[in-house]
Amino acid sequence: QVTIIPNPVKSEMHVKYYASQNDLVILRITDMTGTIVLSKPVNVAFEGLNLFSFTVDELKPGIYTANL
């Protein structure tokens, strides 16, 4: 399960998720047409709870989906 805080995001988003094993994670944000508008490598995820934050100032206001 992935949690994004706050919702809606203004300029900085915080992503909280659980990983079942240590692994490299890439965050992909897509617009409603399915186009990837942001792809960001994240530090290695460790087994258990992980949290990272980053700015999304470069994104236009709209509705997006986030995938890890």
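A: Happy to. A strand here is a DSSP run of E with at least two residues, and strands are numbered from the N terminus. With that in hand, let's turn to Ala66, which sits in strand β6, spanning residues 65–67. Please keep in mind that the model is a predicted one.

How does Ala66 stand towards the surface: buried, exposed or partly exposed? Its relative accessibility is 33%. Buried would require a value under 20% and exposed one over 50%, with partly exposed in between, so Ala66 counts as partly exposed.

Next, its surroundings. Leaving aside residues up to four places away in sequence, Ala66 touches Ile4, Leu27, Arg28 and Ile29.

Now for the wider setting. The protein chain has six strands and zero helices, giving the pattern β-β-β-β-β-β along the sequence. Its radius of gyration is 12 Å, close to the 11 Å that the globule rule gives for 68 residues, so the chain is as compact as a globular protein of that length. Along the principal axes, the C-alpha atoms fill a box of roughly 35 × 20 × 20 Å.

As for contacts across the protein chain, 57% of those with a separation of 6 or more involve residues 24 or more positions apart. Of the 68 residues, 24% count as buried. The accessible surface of the protein chain is about 5000 Å², and carbon and sulfur atoms account for 53% of that.

Methods: Residues are numbered from 1 along each chain as its sequence is written. This is a predicted model: local features need pLDDT of at least 70, side-chain atom pairs count only at pLDDT 80 or more; totals for chains, interfaces and linings use all residues. Side-chain values use heavy atoms; hydrogens and water are left out. Helices (H or I, at least four residues) and strands (E, at least two) are DSSP runs, numbered from the N terminus. The radius of gyration is taken over C-alpha atoms; the globule rule is 2.2 Å times the number of residues to the power 0.38. Buried means under 20% relative accessible area, exposed over 50%, partly exposed in between (1.4 Å probe, protein chains only). Contact means heavy atoms within 4.5 Å. Accessible areas come from the Shrake-Rupley method with a 1.4 Å probe; for residues, only the protein chains shown count as cover.
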